[in-house]
Amino acid sequence: MAVTERSSQLTKQSNPIVSRLRAVVLSKEGILFLIMIAAMFILSLLTDKFLTTNNLLNQLRLVTEIGLMALPMTFIIITGGIDLSVGSIFGLSAIVMGFLWQDSGWPLELAIIMCIVVGTIAGFINGLFIVRVGVPPLIMTLATLALYRGMALGVSEARSARGFPDWFFDLGQRQFLGIPSQLWILLIAAIMVGIILARTPFGRGIYAMGNNELAARFSGIPVRLYKLVIYTFSGFMAGLAGYIFTSRISTTRADMGTGLELDVIAAVVLGGTSINGGSGSIVGTMIGLILIQLLKNGLLLGGVKGDATIVIIGAILILAILINNLVQRRTGGD
Amino acid sequence: MGATLELEGINKQFPGVKALDNVRFDMAAGEVHALLGENGAGKSTLIKIISGVYRPDGGTIRLDGETVLFNTPREAQQRGIATIYQELSLYPELTVAENIFMGHAPRRKVGPVDVLDWKAANTKAQEILTSLHIHTLDVRRKVGTLTVGNRQRVEIAKALSLNARILIMDEPTAALTEADVEQLFSIVRLLRERGVGIIYISHRLHEVFELADRVTVLRDGQYVGTKLVSETSENDLVSMMVGRTIDNLFPKLDTEIGKPVLEVRNLYRRPMTRGVSFQLRAGEIVGLAGLVGAGRSEVAQVIFGINPAESGEILIDGQPVTIKHPGQAMNHGIAYVPEDRGTQGLVRQMRIRENVSMSVLRAIRAGIFINRREERSLATGMIKQLNIRAYSAEQVVNKLSGGNQQKVVVGKWLASKPRILIMDEPTRGIDVGAKAEIHRLMSELAKEGLAVLMISSELPEILGMSDRILVMRGGQVVAEYSRAEATQERIAAAMMSETAGNGAPESETVMIDESETA
């Protein structure tokens, strides 16, 4: 969004509609979108199983959890922070839910709520230490990455919860209005969070903090409160994602979500959010998320072997970032 | 060892701007030649050409009569041209001697291997410092632990270790205390006697008169003229710089002084705020003078809630208030224009519009959203009111000159419609024109009934603008003068000595790093 406007100054002499269009296309998000379309076109030539509504919707279903966690991660990375513990919070929340329902005999509805509450608390603890004690986010969440995972292992004692009632799978495995149920949640959350980031004082504060935290504080922006909010939100989303994931795969295991934080971060940074903070957008994150998943799926369907798939995805990610840097530099976008 | 330098017909074009247009400059051996001009006049570009950072698009440079062209700063250094930039370029984690000999340390043989000889470096560094009459600086100390003044001395020693014959100093006094400035001047005079030529850039005209032999003025990338300092006056130079005559640099208007708006009583926040009490009335400009490290900015930041008070009272309109963070201070109508606009005042990567609205984001909402139209009109209004030179409110602040950046900070705080305005070094490092504009603005604001607290290290500014002057030392207010009784000598004495002023500080008072400032 910010980028779109920035490049629009450069072309302001020409026809306003043309220049606006040009600005949108040449923005980080625009370029990424074009790369995604190009990738989809090539993949659809490899196999006719790829470009079908069913397959695409199903792929989106698979990335809902990562997508939900990528929303707060976008905020966090824009402020120059990071949250490495989301995969562990995701696992811990789901395990607690399974344990409360199966071992402690709680009603499943209450266990689901506790799943989200546990995630929120875990995120709040991250935020509290980062804000109050001043632990760098990387260190704090690296520590809780291990801590929360350890707690998940301790609670579950290596047993898994299974045998959930049928209604529990409505969210993860069924459709609502012809679209996978959980996709609605991602869609609504992404739109809301995107608007909050782009249009509200809170969102503006996030960008200001990422560019110059001291100046933001000197301007009366409640920097510490905002940080606490985004890390807590990150935990909330990880808890929610843990619930949706359990509903999708029907069981909980203590190692679920291991390494998931890297997928989340990859979607955010591929989407154009600067790892140094200060710039980024939800639209970019969503495109980054979808691009990675479609590559994985398309290459698989196209018969590319597993190891080669990872290599190709890595190469394409680097390429996408290079192309974007080149274009942004040429147009003076940044 | 002296060198002569002549530049003729120098041109330099950057995308969109002609930075230098047919500029000339010359200097003799052992001359102090001041370079003056508003920000954006081309001074920095010119010295970067002399020191080999930029290559000119046209024109000739002659060193000792021989035409030269430097491709890199290193080539210029090898010919004896050294530069001391505003932002000092030392390594804080290395010692004084290591910094001085960075890249050209003496070596010795250990068997077949050439190793750096730090013992010799220490001795040589000490010799250089002694030759500058600097006796108290330990060459084994880490540079990061030194005061700004001492770091600058290290920079100068570094230049001399490279046998510099021409030394370029870019605003060397901008961050120095008065005592450090004095010592810098004596070093400059010493170097001049030794035949080192010095190109001296400063916004402070009195320094030019105190130090320089000749002065060259640039304006908008063009050469305006060169004069012997002995044959010119401040008014002359100012009108050369701005192309117009400014009769009064400090247009202080007479105001009606009203009731006390802000009062602080026995405010504590250790180590730098130790029992500060004063009053600030509506329509009044109070100057807060003191050396760097006297605790002036710290008091301002206590009042503004950045580092809340440990004890003591803050009263607004006679009512005690709690201020724990800047948001609360802003709710009470306090605004703080901080000392360092780059790191504290602005988010330079963001636009003018976004910076100006930053203090009022909650006030210009439509529902939960920022009202974009109101935000834009606020920013364009400030651009007009403060005469900010920018092509639109959408311009990124980074691209503005220092003076215009400062106006954006001021605009941000005026947008919050404050009743109490604290300005910390409001005109540091900005050009004469912008400075006069900011002074006029402060004066007008006071006339409208604002209470202004102005922290400044420039005594003429303090004397010119203030209705009342407070002097701080060691975290306390040690003296207070009315406009009528204040003189430069009195204030300077109160700032520096232990005995002058009304309330002498207690024995526990510590100045930051006394050994350093001595």
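**Exercise 1. Find how the radius of gyration of chain B agrees with that of a compact globule.**

Step 1: Take the radius over C-alpha atoms; the globule rule is 2.2 Å times the number of residues to the power 0.38.
Step 2: For 518 residues, the rule puts a compact globule near 24 Å.
Step 3: Chain B has 25 Å, which agrees.
Step 4: Along the principal axes, the C-alpha atoms of chain B fill roughly 75 × 55 × 50 Å.

This is a predicted model: local features need pLDDT of at least 70, side-chain atom pairs need 80 or more, and totals for chains, interfaces and linings use all residues. Residues are numbered from 1 along each chain as its sequence is written, while chains are lettered from A and ligands numbered from 1 in the order written.

**Exercise 2. Describe the side of domain 2 of chain B that touches domain 3 of chain B.**

Step 1: In chain B, domain 1 is 5–242, domain 2 is 248–333 + 418–518 and domain 3 is 347–416.
Step 2: Count contacts (C-beta atoms, placed from the backbone, within 7 Å). 10 residues of domain 2 of chain B meet 10 residues of domain 3 of chain B.
Step 3: Locate the largest share on the domain 2 side. Helix H15 (residues 432–447) of chain B supplies it, with 4 residues. Helices (H or I, at least four residues) and strands (E, at least two) are DSSP runs, numbered from the N terminus.
Step 4: Count the elements. Chain B has 18 helices and 24 strands.

Terms used: Domains from an automatic or database assignment. Contact = placed C-beta atoms within 7 Å. Nonpolar A, V, L, I, M, F, W, Y, C, P; charged D, E, K, R; others polar.
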